[in-house]
Amino acid sequence: MRTQTHLLTAASPGTQRTLISQHLGPDGSGRKAYIQASLHADEPPGMLVQFHLRRMLLALEEQGLLAAEIVLVPMANPIGTAQRVLGRTLGRFSLAAGENFNRHYADLSEACYALLAPILARGELPDLAQVRAALRAACANLSADSELGSLRRCLLGLAIDADFVLDLHCDSEAVMHLYAATPQWAQVEPLARALGAQVCLLATDSGDDPFDESCSLVWARLNEHHAKAGGQAQAWPLACVAVTVELRGEADVSHALAEADARAIVLALHHAGFIKGAPPELPALRREPRPLRGSMPIMTPSGGVLVHIAALGCDVQAGDLLAEVIDPLSGQVLPLLSPCDGFLYARESLRTVHAGMRVAKVAGMDALRGGKLLSA
Ligand SMILES: [Zn+2]
């Protein structure tokens, strides 16, 4: 294993932070997997999964069984990790910029396509290695004139030329679920089966450019640039499968869960060809994927004490009682009902809620929502 230390832009003199990446397996194989944890720095399950995953991959590396490079970033957000306010880590938003750490990743397609111009001008179609070199160069040209900008550039630079990207997150309280790109479901399914994901939410473009989509969508966007310039359609395959893995809820941190999840990721890497030899069989898929546009947020119109009624991870029908919000002053009970038939996969962990808060999420079958699909 080779460890690299990346220096972020210092916000002020004497405060420079570092990002650590760990590289296992042979480089130069032409293939690469990239796995990062806790980009939202207050989501700890991914860091423990990385702890177990590194042990497993080190053992495989020692036996010469890694077929390609696997990059681990066990703590992807040193800025958010240090944002401790009144005794709590606030790791979802940058306190300095007010931005979600998992939004606003660059669309490198235009800059990359421009860098490929000399090859295209010769009438040649750049191969995957040439496109990836251009992606790395386009990423290196991104501005890093803020600490947050340099973190985004650094993470994207480590992942943009990978075949397989896993971004490990968790929800508030939730069952295991995944977010992935609709056209890549066939490549994502083995991971979903290995992890025992209870639901997978698919979209082609969620809006606001989360990390995973910046890595995966760039290939579709490159194809669009090429077609617009008069080139052949689908010139390149969708060469990066990027998945956001929601490792249940923020309090679901145990060695038993993390070790099982790490084993599942190793199994998925095996099926994706990153580990030599025939892979063991995959368990069955728990549930067919659903459109992210069908994931319905349940909002509360008033504040009070939140009492969950429906069990997490159960099928519900439209009109089923999911939770109540109690007003202790008036004694009023506000019932919150499911807006659709679906699967209750996530819910709020706070029990004191304010008006306008989202308190649960139900994954329906029908794409009912438009606009931006991810929460703030
Ligand atoms: Zn997250």
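Which residue in strand 11 is the bridge partner of D171? Read on to point 4.

1. A word on the model. It is predicted, so to speak of local features pLDDT must be at least 70, and side-chain atom pairs count only at pLDDT 80 or more, while totals for chains, interfaces and linings use all residues. Residues are numbered from 1 along each chain as its sequence is written, and side-chain values use heavy atoms, with hydrogens and water left out.

2. Start at the zinc ion. H40 (ND1), E43 (OE), E43 (OE) and H169 (ND1) coordinate the zinc ion at 2.0 to 2.3 Å. Donors here are N, O and S atoms within 2.8 Å of the metal (3.2 Å for Na, K and Ca); water is not among the atoms, so sites may look incomplete.

3. Now for where these residues sit. The donor residues follow the spacing H-x2-E-x125-H. E43 lies in the loop between strand 3 (32-37) and helix 1 (45-62), and H169 is in strand 7 (residues 164-171), 126 residues apart. Strands are DSSP runs (E, at least two residues), and helices are too (H or I, at least four). E43 is buried at 6% relative accessible area, and H169 is buried at 2%; buried means under 20% (1.4 Å probe, protein chains only).

4. Then look at strand 11. Nine of the nine residues of strand 11 (residues 241-249) are buried, so it is largely enclosed by the rest of the structure. Strand 7 pairs with strand 11 in the parallel sense over seven bridges; pairing takes at least two DSSP bridges. The partner of D171 is G249.

5. Strand 11 has another neighbour. Strand 9 (residues 177-181) runs antiparallel to strand 11, joined by three bridges, and H177 has E246 as its bridge partner.

Notes:
Buried means under 20% relative accessible area, exposed over 50%, partly exposed in between (1.4 Å probe, protein chains only).
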